[in-house]
Amino acid sequence: ISGSQLAVLDKYAHVLKDYSDRELRGLIDVAVANTSLADGTGARARLLRGSADDTTKDWVTFGFPDAAQQKGCFFFEVELLAGCRSPQVGFLSSQFLVAPRSNEFRGGVGDDEHGWAVDGQHAMLWHAGKQLAWNQIWESDLAGNTSSSGVWTMNAWNTRGQLLKDGVIVGVAVDLDQRRMWFSSNGQWDESPAFSEGQIPKGVKLYPAVSLKGAAAFDFGPNFKHSPPSVPGKTFLRWPGMMEGSHRLDNALIGNSDMVSNYKEIQVHGELSLKRNVQRLVANRKYLDMRKADRSWALLVEGCGPGSGKYQRTGAKHGFPLYTLEEKPSDGSKQEGKDAEDGTTMAKTPYTIYWHKDSKRWRLGPLDSKDYVCEAAMEESSGSLEPPRNGWEVPKKRQGSVSAAAFKTALEKAGLKSRECSQLIAALAEPGANKAKKGREKMVYKVTEKSSLQAELKKLSEISTSAEEVWSLAVQEAQALLLKEEFKLPEAAVVETEHPYPAASDSWTQSVILHGTTEMDVQFAKQSCTLDSCAKLEIYAGGLAKLSTGRGTRVQITGVSSDELVHGTVEEQDGMRWKVLIDNDEAEICGGFRSWLEEADDRSCICYCCARQQKVVSVSYEGKMGEEILSFKLDRSCPLQPFTVDGLAATGPAREQGVQKGWFLDVQALIDSEAFRSLEGSDLGPTPSNLEEVAGELENFERRLKALRDSSGVELVFTNGLDYKLLPMCHISYHEAHGPVKNEISELNLTNGTVIVGAMKEGPAFASGVREGWELDIGQTLQMQSNKGTLKGVTEEALLKDPAAILELSDVSLAFAPADPVASLFFEGYGTSRPEEAEEEEEEAEEPEAPPAPKPNANGHLPGCICAKCKALNGGSDVPEASPVLGALGSIGMFAKASAAAPPIALKPMAPTKPSGHLPGCICPKCTGVGEVYKKPE
């Protein structure tokens, strides 16, 4: 230590002794650390998964989702400091589920199909949860304490983990165009890519990310420690939108006064420049309190629809303060809307927050109106007369209502019988519904004063669908009916993003099926239009979508807790699940399942996949598990889900998490549990350790399940079905009832040695997702077991020579495959919410030429007119001519059928379709009622 430094330590020794070693180390970290990530202007690292922002406290995942890239070649470095545990460095895609501080999602980079990572501590590459080999390793030491003999044991290794012995600079490079990734250790690159196009999907958006416990730093250049990989014809650039230099992830406490318990007040004499002498300011808590004169007594309400906004204190009512929503209509008039429970139009008074004397609760809504938005009880312990900040509840009738017709359709889709549908509608219909007012539709409520959808479903013994799934279907049906009946749009879909969308780089995806679509109109709602091309709508067409799943679709099924991947063919929809026939040669069909299958030729093993969202629920029982789970049922035809819940009590922890009768027990998770392995009994047989051993001794496993019902401390995992991925193949069976193939497919064309589906209409192939342009796989068709009789002696050459002969066949199975299983960009556009701005933008920008204005017919009227003269032109028909797209009115017609993307088009808002069903701008008598003379629309 130099003399000057020693003098400083001596001078301030009496100050330093008042601080603990932890506090001193924390202050040193603050003093020598780079500027916090939050102080920069580039993208910031965000906590994606894990329980804390501090990387030294828990194994967490950080990344830069706001800087995702889809094209280009980029390079960056990650510095892992000594002491790191299980670092996984690499990339995440924009499809990765961000779930910070959630116990349900603990996986990191590479632990699912949306991540790619390197883990040199264990010489591994990670993708889709699979451990792949890597030819480099980072030297590590064991963590924890040695055994009493001073020697590390294998148990210590397993329970304590490993710590990185020395720091390492991890180089990360990606070629997004060719879909390749490289990793390096301290500048040593692999000769070949760690991941290539077979493991990286087309068009994926990636961003840098890391999972670890310990200290680390991202470095986005330009002064890298090592060079990027040398790849012929490629130049690796800095990652766009990032701050320069190295940025630590483990400085979460910088700028937090809570890390130091003992503050010293000092006086500084002389010049003090904030720019030159101060790196950051830390304010003590006592300086953060606002002065009374600066306080606002207003309340800010969020997430309450039209009731959201700023409420000013405007008086008192019943001895409690009264608050009124600050926002009012610009013209000072009252707003009107159909908010009354009886559906009539009522004048809207300003929203208020007031104390309701009769119910002794706070309410938000029009003053003293029964149509309040929400209410809350007074916080008695606080002694305050102010409204509570939490605990607000929505009235039961506002928690959801749909028409009885939409509700019945949803119940039928969920697999309920007619008698059960009537029972539910009667229980959830509004009081006095049978005496409904004239012209008013019968309504069904999700929650009523006496019951709820969830409570009523529990009364049905054979239903395995949850209340949320049924209600979601009902809402979809209600929306479809509204589009069809109110807006005359039977083939339309309304898509909307989350509100509000993040004020950062963000993406959102929704799958939509519009049957028989050859052209589309895309219209932005006025309130939701984007102002420029920074936020745009992209429509992808083609490829494989789960919404098109149907009988004959080929799928790959994934286990819940096991790694098995099983293939099969969709047989039918069973309520909210797909029944899938498993291929007979799958290894999972073993033991008792194989014996059952081979007992008869007409048998097939099956499994059940979720038609909608898969749910996996983990349930812990402090008391006896058998008090709620009354019985399990064994199905020998179902090797992946052999045991289902057959008897379930009305209440219990499983019920609380949505488990229903008919849900499946996760066998793999059970045999890994301590409670199951510790079961003892002479009649239980050996404890199985894997699914194959369970299959070999199904009766013993059944006895173990019965014994487990009397045990406490049991943890079970249930699921409503298995997840699946679509395979680029459909197996379609044309039975005698369907007639010959030509009843559905009228044309098969031979192109470059491939048979292509031409014209087709609805039928078994269409229901499975087959569309025009798909390929008929002749070789696979001839190999199908069901065709051994029908196609006996038929060769591939003969069918390729005359593919039309296939159209005459019946009682035959055909194999189809999509020409391109990956969706392609079909349309890209954006728009403005103000028509006048859209017109100015159209004048300045070079846009595609608008369609010509509609020409009048022989009578001088617009196309679509249904006056008497025009009816005569149409042969007396009331059906109007097809109206062309009106460019001046902002409708965008899309006729692109090629895989290339259509050019970007600025979308302008379009008024709703007229009640007559004609396009906006039509001035026929039906639309205007003012004569029959043609004039150009404004």
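The model is predicted: local features need pLDDT of at least 70, side-chain atom pairs count only at pLDDT 80 or more, and totals for chains, interfaces and linings use all residues. Residues are numbered from 1 along each chain as its sequence is written, and side-chain values use heavy atoms, with hydrogens and water left out.

Begin with the entire protein chain selected. Its secondary structure comprises 21 helices and 46 strands; helices (H or I, at least four residues) and strands (E, at least two) are DSSP runs, numbered from the N terminus. Of its 938 residues, 40% are buried, where buried means under 20% relative accessible area, exposed over 50%, and partly exposed in between (1.4 Å probe, protein chains only).

Next, select arginine 179, in the loop between strand S11 (168-175) and strand S12 (180-185). Arginine 179 is not a glycine, yet its phi is positive, at about 60°. Its relative accessibility is 17%, so it counts as buried.

Move on to glycine 221 and proline 222. The peptide bond from glycine 221 to proline 222 is cis, with omega near 10°. Proline 222 belongs to the loop between strand S15 (216-219) and strand S16 (237-238).

Finally, select asparagine 752, which is situated in the loop between strand S40 (748-751) and strand S41 (754-757). Its phi is near 55°, a positive value in a residue other than glycine. Is asparagine 752 buried or exposed? Asparagine 752 is exposed, with a relative accessible area of 80%.
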